[in-house]
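Q: I'd like to learn how to read ring pairs and helix packing in a model. Can you take me through it?

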Amino acid sequence: MAVLSMRNPATGEVLGTVSEATPEQVRQTMKQARAAFASWSATALSKRIDYLVRLRHYLVDHGEKLAHKISQDTGKVTLEAFMTEIFVTVDTIRFYEKHARRMLSPQKVPTGLVLWPKKSYIHFKPMGVVAVISPWNYPFQLAVIPVLSALVAGNTVILKPSEVTPATGMLIEEMFRAVPLPDGVVSVLHGGRSVGQELVSARPDKIFFTGSVATGKKIMAAAAEHLIPVELELGGKDPMIVLADAHLERAANAAVWGAFTNSGQVCMSVERVYVHESVYPKFLQLVTEKAAALRQGYPDQAEIGSMTSPQQLAIVREHVADALSKGARAVLGGQPPADEDSLFLPPTILTDVTSDMKVMQEETFGPVLPIMTFSDEEEAVRLANASPYGLNASVWSMDRRRAKSIAERLESGNVCINDVIISYANPYLPFGGVKQSGIGRYRGPFGLQAFTHSTSIIHDPGTRKREVNWYPYTEDQRKLFLGLTRLLFSRDRKWERGTLGAIWREWKRLF
Ligand code: NAD
């Protein structure tokens, strides 16, 4: 049986091991999740929410301890683990407590006069077993929030957490056991790619995937075999556009936080800065001073922890080396970690970068902030949009109209004005990407309804013996439909001769 080892990336300390699920366990888990679906989907929403309330209490009571364990697993500082993993999760639970009923209740929609006396509504029906496959950069909330969303909507769930952070996967499993949820409602399968593949081939009813573009494409291809609906939350190369009239100090603080938080391992981190040439010298000075003052360490008394995965650190180093070899300048950092085995990569600021460098093209996912200038708004929008990704972006200006006009022209699933990353923190807003950053939305009403089949129901009282469009076809039906088409949809909206008589005769045939 394959085993995953758990290791603290900041200290190298070995934390233990966990066995990977076998193909047989994956099949059994799918069977249990299917069996649990009937009663979980029939459980009243208020009761399902009660489980979430218990989970919220658990998270509040154990939040600090959990954050500490997440930082052991990832190398991030504990405060960041608390703010971004625990706080965001409890805030989302509260959002569902307040609004899930409204978002999942049947929604009446108008039914046109022609369809009188029918009534129509949308019923949000649970889909079945949802597979959630999650990444390592926010290994708690990027697993738990989709799981909770699927559960609230009435699905049972199988989670496959990242093999890079298996200790957090175990924490999540313990948490669901502690609540506890009925058997089979949530299961956790530990393991790497092959367990993910087994899970996809076990034919869940929906796949919710967060991770890289390359894996997203493979999952979508495998899901296509059985037409399993997929939601893909993928990578980003998020641009930040700083106009000449921006609050420069705030923009500099945001660039530094947005690029270096979680050691830059954020799908929505600031990965490219475009700053107006007139304010570039001042902006660069502010950003460099602020970044130079950051403390790297673990687990506390620091702003930046270690990176989580050695593979990712190698990619970041490759991007920086590529940029330096093509003429970029590191005004801060740029060098590898002091000790070869360390995952503490110093924050790096690059200038003199060009659009052909990897650091401006591909997702770096590390503590690197490349900065370029632009001379006018059109150029800024063109540069920002010249990317295969479109996850998040930010626009910085004190002119609201100008900022909004640029924000709306960016090819991005999310845009922040005078802020970075934060759109994700508002559970009322849908979240997701365009272009290679993904397919689908979660969070917000659309995001919850995405875990359901929107079922259209139209209801006739059933008292008339036939409908006007049914057999047998008559000359009066022809006159009625022609007449109505002209009356309702033509430019002059005229009554056609003979329509009224046809309507009357057809009316009598209904009863
Ligand atoms: P990854 O694609 O390597 O792995 C993600 C998950 O997929 C893991 O659990 C992995 O075991 C599993 N997996 C790998 N191959 C699989 C396969 N063939 N079938 C089924 N499962 C498979 O991604 P990662 O390195 O863990 O995460 C980093 C990436 O995630 C970055 O690109 C980042 O931008 C992206 N990300 C996106 C968002 C978002 O919300 N858009 C959030 C966080 C991270």
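Q: How many aromatic pairs does the structure hold?
A: This is a predicted model, just so you know. The general idea first: a pair of aromatic rings is described by the distance of the centres and the angle of the planes. Here the structure has twelve aromatic pairs. Take F95 and Y428: their ring centres are 4.8 Å apart and the planes stand at 75 degrees, which is over 60, so this pair is edge-to-face.

Q: Where do F95 and Y428 lie?
A: F95 belongs to helix α3 (residues 78-104), while Y428 is in the loop between β16 (414-417) and β17 (438-439), so the pair ties together parts 333 residues apart in sequence.

Q: Is F95 buried or exposed?
A: F95 counts as buried, because its relative accessibility is 4%. Y428, with 43% relative accessible area, is partly exposed.

Q: Which residues form an aromatic cluster?
A: One cluster is made up of F208, Y424, F431, Y442 and F451.

Q: Now the helices. How do the axes of α1 and α6 cross?
A: In general, two packed helices are described by the angle between their axes and the distance between the axes. In this case, the axes of α1 (residues 23-42) and α6 (residues 193-201) come within 10 Å and cross at roughly 40 degrees. That makes α1 oblique to α6, and their crossing is right-handed.

Q: Which residues meet there?
A: From α1, P23, V26, R27 and M30 meet V195, E198 and L199 of α6. The residues of this contact divide into five nonpolar, two charged and no polar.

Technical notes
Residues numbered from 1 in each chain as written. Predicted model: local features only at pLDDT ≥ 70, side-chain atom pairs only at ≥ 80, totals over all residues. Heavy atoms only, no water. Axes fitted to C-alpha atoms, helices over the stretch in contact; angles between N-to-C directions. Helix = DSSP H or I, 4+ residues; strand = E, 2+ residues; numbered from the N terminus. Parallel < 35°, antiparallel > 145°, perpendicular 65-115°, else oblique. Left-handed = near helix turned anticlockwise from the far one by under 90°. Contact = heavy atoms within 4.5 Å. Nonpolar A, V, L, I, M, F, W, Y, C, P; charged D, E, K, R; others polar. Phe/Tyr/Trp six-rings, centres within 6.5 Å; stacked < 30°, edge-to-face > 60°. Buried < 20%, exposed > 50% of the residue type's maximum accessible area, 1.4 Å probe, protein only.
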